[in-house]
Every structure is written in structure tokens, then in C-alpha cells.
Amino acid sequence: MSARDITIVVARADNGIIGKDGTLPWHLPADLKHFKAVTSGSAMIMGRKTFDSLPGLLPGRRHIVVTRDLSWTAKGAEVAHTAEEALALAGADAVTVIGGAEIIALFQPRATVFELTEVHCDAAGDTSLPPPDAALWREVSREAHPAEDGRPGYSFVRLERHGG
């Protein structure tokens with residue numbers, strides 16, 4: 001097991017959808033606030049498409065982008081080509097992995113925490129993520145929020161990896 005905490009941060013619909021056309025398939029202001037709280041002060045690790053989907057550089061966080069494109073660069077992005085490079089770039093900073101699905105899958109074996117927003121709907125989308133494996137993760141907290149203002153209900157769920 002990794003000697004450092006690596007937190008995966010993702011919002012996932014009940015049907016597994018996490019994205020549509022490079023964006024989130026829903027608009028949940030409370031989830032955006034939760035995302036900011038969980039990722040602030042961290043080295044966020046993401047894929048290039050996730051970086052491109054951001055509205056700009058997010059303040060108070062480092063942006064480490066894992067890409068296979070050896071020539072890719074972007075202002076404000078620290079570029080890595082492997083998970084090991086990304087973690088080395090992060091140094092002693094807290095690490096949050098924010099997507100997309102390939103990057104989450106790449107880091108999931110090393111992750112110690114899942115900050116999961118369960119969006120209670122079947123969303124239309126083109127990017128999905130399987131649920132965290134219950135044999136590996138245990139739920140340590142859940143905060144449920146009902147549907148309102150035409151938005152789906154959702155739950156903030158914190159999972160921690162079982163044992164070592």
C-alpha cells in the first residue's frame with residue numbers, strides 16, 4: 001500500500017455516467033463547492049481532457065496533467081507521462097485524482113480514499129466509471145441531499161480502503 005494518501009474525487013450517476021461531451025451531465029452547485037473544499041491545497045492529478053474541460057486554472061491547487069502526448073504543454077499545467085511521474089511532481093503535497101475515467105482507473109490501485117458524489121439519476125453521457133469495489137472500500141460517511149429545483153438528489157460519500 002502507498003505510504004501517502006491519494007484521494008479520488010468523482011461525481012457519478014446511479015447508472016455509472018461521469019461525463020458527457022467533456023463536461024458534467026448535471027449542474028449541482030453544492031457538488032462544485034464540495035469539490036473545491038476537497039481539492040483545495042492539493043496537487044490535482046488529471047488527464048488532458050479533464051484539464052481542457054476546466055473553466056481555467058482552479059485557484060489554490062496545482063494542476064498535474066498525465067498525458068501520452070510527449071509534446072503537450074499548457075500554461076499552469078505540470079506535465080507527467082506516467083503515474084509515477086505525476087506522484088513525483090506532487091512531492092509532499094496532498095494528492096487528489098479528479099479524472100477522467102482512465103486516470104481514475106490508473107490511480108485506483110494506489111488510492112486510499114474515495115470522495116464520491118453519488119448523483120441519484122440515470123444520466124445521459126459518454127463516459128462512465130464502474131462503482132468502487134465493495135471488497136476494497138468501506139463507507140465511512142454519507143451525507144444525503146434530496147432533489148430540489150429540478151436538480152437530482154445526491155449523496156456525498158467518503159470511502160476508505162480496507163486494511164493494507
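Student: Leaving aside neighbours within four places in sequence, which residues is Ile45 in contact with?

Tutor: Welcome! Keep in mind that this is a predicted model. Ile45 is one of the residues with the most contacts inside the largest nonpolar core. Leaving aside neighbours within four places in sequence, Ile45 is in contact with Ile64, Val66, Ala86, Leu87, Val95, Thr96, Val97, Ile98, Gly99, Ile103 and Phe107.

Student: How many residues does the largest nonpolar core have?

Tutor: Strand 1, strand 3, strand 4, helix 3, strand 6, helix 4, strand 7 and strand 10 each give two or more residues to this core. Val10, Ile45, Val97 and Phe107 have the most contacts inside it. A second, separate core has eleven residues, including Val9, Met46, Phe51 and Leu54. The largest core has 26 residues.

Student: In what order do the eight strands of the open sheet stand?

Tutor: The pairing in this open sheet is mixed. Neighbouring strands are turned by 25° against each other on average, direction ignored. Reading across the sheet, the order is 5-4-3-6-1-7-10-9.

Student: Do strand 4 and strand 5 pair in the parallel or the antiparallel sense?

Tutor: Strand 4 runs over residues 62–66 and is joined to strand 5 over four bridges. Val66 stands opposite Ala80 in strand 5. The sense of the pairing is parallel.

Student: Is Leu58 buried or exposed?

Tutor: Leu58 lies in the loop between helix 2 and strand 4. Leaving aside its neighbours within four places in sequence, Leu58 is in contact with Phe35, Met44 and His63. Residues under 20% relative accessible area are counted as buried. At 15% relative accessibility, Leu58 is therefore buried.

Student: How many aromatic pairs are there, and what is the arrangement of Phe51 and Trp72?

Tutor: The count comes to three aromatic pairs. In one of them, the rings of Phe51 and Trp72 lie 5.6 Å apart centre to centre, with 85° between the planes. Planes over 60 degrees apart count as edge-to-face, so the arrangement of Phe51 and Trp72 is edge-to-face.

Student: Where in the chain do Phe51 and Trp72 sit?

Tutor: Both are buried, because Phe51 has 12% relative accessibility and Trp72 has a relative accessible area of 14%. The pair links distant parts of the chain, 21 residues apart. Phe51 sits in helix 2, and Trp72 in the loop between strand 4 and strand 5.

Student: What is the angle between the planes of Tyr154 and Phe156?

Tutor: Both Tyr154 and Phe156 are buried. Their rings form an aromatic pair, 5.3 Å centre to centre. The pair is tilted, and the angle between the planes is 55°.

Student: Why do the buried residues of helix 1 line one face of the helix, and which residues are they?

Tutor: Seen down the axis of helix 1, its buried residues fall within an arc of 115°, so they line one face. They pack against strand 1, strand 3, strand 6, strand 7 and strand 10. The face turned away carries the exposed residues Lys33 and Ala37. The buried residues are Asp31, His34, Phe35 and Thr39.

Technical notes. Residues numbered from 1 in each chain as written. Predicted model: local features only at pLDDT ≥ 70, side-chain atom pairs only at ≥ 80, totals over all residues. Heavy atoms only, no water. Pairing = 2+ DSSP bridges. Axes fitted to C-alpha atoms, helices over the stretch in contact; angles between N-to-C directions. Buried < 20%, exposed > 50% of the residue type's maximum accessible area, 1.4 Å probe, protein only. Contact = heavy atoms within 4.5 Å. Phe/Tyr/Trp six-rings, centres within 6.5 Å; stacked < 30°, edge-to-face > 60°. Core = buried A, V, L, I, M, F, W, Y, C linked by side-chain atoms within 4.5 Å. Arc of directions from axis to C-beta.
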